[in-house]
Amino acid sequence: MSIGRDIKPEEFSKIQATLEAWYQQSGGLLDTIKQKIDWAKESQDRQKTHKADFEKKIESIKANLKAIIEQDIMMDSSGHFEGAEYYDHRPHNKGRKGLKSKVKGNAPKDRRGRNM
């Protein structure tokens, strides 16, 4: 407490004013920090919500693609792919000529690369 001995009574008001100004600035600084913390929390919550929505959209797209792929590769009762006719090369049909494809482009090939 030796510092108190060197202070003159007329300096008390100046020290008090300095401490009050410091206190007010500290309070303002704390309010600013609280606002920044609140903003960061809100931003994080928005980001989590956005990420969850994005992941839901991805899962929905995956499910839709899976359904489309499954639908495209389903076979009808005659063994042909739905929506296109290919050569019928099943073993019980070896003696007969296969059905010609109505789809333009490359015909199905066997292991040696020959048209079936």
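1. Leu65 counts as partly exposed because its relative accessible area is 47%, which falls between the limits of 20% for buried and 50% for exposed.

2. The model under review is predicted, not experimental. Its secondary structure consists of 1 helix and 0 strands. The helix in question, H1, spans residues 12-73.

3. The structure contains 1 salt bridge. The partners are Glu59 and Lys62, whose closest N and O atoms lie 3.9 Å apart; the cut-off for such a pair is 4 Å. Both residues sit in helix H1, and because they are 3 residues apart there, about one helical turn separates them. Glu59 has a relative accessibility of 47% and is therefore classed as partly exposed.

4. As regards burial, the protein has 116 residues, of which 3% are buried. The accessible surface of the protein amounts to about 11300 Å². Carbon and sulfur atoms account for 57% of that surface.

5. The contacts were also examined by separation in sequence. Taking contacts between residues at least 6 apart in sequence, 6% connect residues that are at least 24 apart.

Terms used
Residues numbered from 1 in each chain as written. Predicted model: local features only at pLDDT ≥ 70, side-chain atom pairs only at ≥ 80, totals over all residues. Heavy atoms only, no water. Salt bridge = Lys/Arg side-chain N within 4 Å of Asp/Glu carboxyl O. Helix = DSSP H or I, 4+ residues; strand = E, 2+ residues; numbered from the N terminus. Buried < 20%, exposed > 50% of the residue type's maximum accessible area, 1.4 Å probe, protein only. Contact = heavy atoms within 4.5 Å. Areas by Shrake-Rupley, 256 points an atom, 1.4 Å probe, with all protein chains shown as cover.
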